Amino acid sequence: MRDKFNQFMQGRYGNDDLNRFLMKIILAAFVLSLFTGRIVFGGVVSLSRIFYWIALALLVYCYIRMFSRNIYKRSEENRWFLNKTSNMRGLWNNRKYKAQQMKNYHIYKCPGCGQKIRIPRGKGKIEVRCPKCRTTFVKRS
């Protein structure tokens, strides 16, 4: 069965960052459709049905993108998505990197020039020398 699926997917686009993002929106819309069942919007249509149909339409769009043979067009769509979200992804990656660094290092600013200096944790009171302006200052790691 796996071989038949692999043979079917040959020459097709598959999954990418845009599809993964759309799948997260689909999941959120389905969850919202479950929890907004009693809210009526516009007197006739409930809000849960709106979320449900949005999620269903996005799901169909994801599958169309996945099984498409027009690889160039799908990769252009993905490139457009990545360009539009690059700033937000950069901020997220920067914050994630800082959180990882805070586990093992203290990050201090030099009082002379403002340069950020990374000092390992657990070394006690140490004298730090700025690599940029050569200012020395004492900090506790």
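Me: Which exposed residues sit on the face of helix 4 turned away from its buried side?
Reply: That face carries the exposed residues Y72, W80 and N83. Please keep in mind that this is a predicted model.

Me: And which residues of helix 4 are buried?
Reply: The buried residues of helix 4 are R74, E77, N78 and F81. Viewed down the axis of helix 4, these buried residues fall within an arc of 95°, so they line one face of the helix.

Me: What do the buried residues of helix 4 pack against?
Reply: They pack against helix 2 (17-35) and helix 3 (47-66).

Me: How far apart are the end C-alpha atoms of helix 4, and what span should its residues give?
Reply: Helix 4 covers residues 71-84, which is 14 residues, and at 1.5 Å a residue these should span 20 Å. The end C-alpha atoms are 20 Å apart, which agrees.

Me: Let us turn to helix 3. How many residues does helix 3 have, and how far does it reach?
Reply: Helix 3 has 20 residues and reaches 29 Å from its first C-alpha to its last. That is close to the 28 Å expected at 1.5 Å a residue.

Me: Which of its residues are buried, if we stay with helix 3?
Reply: In helix 3 the buried residues are S48, A55, C62, R65 and M66. Seen down the axis of helix 3, they fall within an arc of 115°, so they line one face of the helix. The face turned away from that buried side carries the exposed residues R49, W53 and I64.

Me: Which residues does UniProt list under "transmembrane region"?
Reply: The UniProt record, an unreviewed entry, lists residues 21-41 and 47-64 under that heading. In the model, residues 47-64 are 100% helix and 0% strand, with their end C-alpha atoms 26 Å apart.

Me: New topic: how many aromatic pairs does the structure hold?
Reply: The structure holds four aromatic pairs. One of them joins F21 and F81, whose ring centres are 5.1 Å apart and whose planes are at 35°, so the pair is tilted. F21 lies in helix 2 and F81 in helix 4, so this pair ties together parts that are 60 residues apart in sequence.

Me: Which residues do ring pairs link into a cluster?
Reply: Ring pairs link F30, Y52 and W53 into a cluster. W53 is also one of the exposed residues on the face of helix 3 turned away from its buried side.

Me: Which residue lies over the face of Y105?
Reply: R118 lies over the face of Y105, at 4.0 Å from the ring centre.

Me: What else is R118 in contact with? I am thinking of Q101.
Reply: Q101 is in contact with I107 and R118, leaving aside its neighbours within four places in sequence. Q101 is found in helix 5 and is buried, with a relative accessible area of 12%.

Me: Where is M102, and what does it touch?
Reply: M102 is in helix 5 (residues 86-104). At 41% relative accessibility, M102 counts as partly exposed. M102 touches I107 and R121, not counting residues up to four places away in sequence. M102 and P120 are 18 residues apart in sequence, and their C-alpha atoms are 9.5 Å apart in space.

Me: Where is Y108, and is it buried or exposed?
Reply: Y108 is found in strand 3 (residues 105-109). At 15% relative accessibility, Y108 counts as buried. Leaving aside neighbours within four places in sequence, Y108 is in contact with several residues, among them Q115, I117, F137 and S141. Y108 and S141 are 33 residues apart in sequence and 9.8 Å apart in space, C-alpha to C-alpha.

Me: One last point. Where does R134 lie, and what is its phi?
Reply: R134 lies in the loop between strand 5 (125-129) and strand 6 (136-140). Its phi is near 65°, a positive value in a residue other than glycine. R134 is exposed, with a relative accessible area of 57%.

Technical notes. Residues are numbered from 1 along each chain as its sequence is written. This is a predicted model: local features need pLDDT of at least 70, side-chain atom pairs count only at pLDDT 80 or more; totals for chains, interfaces and linings use all residues. Side-chain values use heavy atoms; hydrogens and water are left out. UniProt positions are given in the numbering used here, feature names are shortened, and annotations may be inferred rather than shown by experiment. Helices (H or I, at least four residues) and strands (E, at least two) are DSSP runs, numbered from the N terminus. The expected span of a helix is 1.5 Å times one less than its number of residues. Buried means under 20% relative accessible area, exposed over 50%, partly exposed in between (1.4 Å probe, protein chains only). The arc is that of the directions from the helix axis to the C-beta atoms. Contact means heavy atoms within 4.5 Å. Rings of Phe, Tyr and Trp (its six-membered ring) pair if their centres lie within 6.5 Å; planes under 30 degrees apart count as stacked, over 60 as edge-to-face and the rest as tilted. A charge sits over a ring if NZ of Lys or CZ of Arg is within 6 Å of the ring centre and within 35 degrees of the ring normal.
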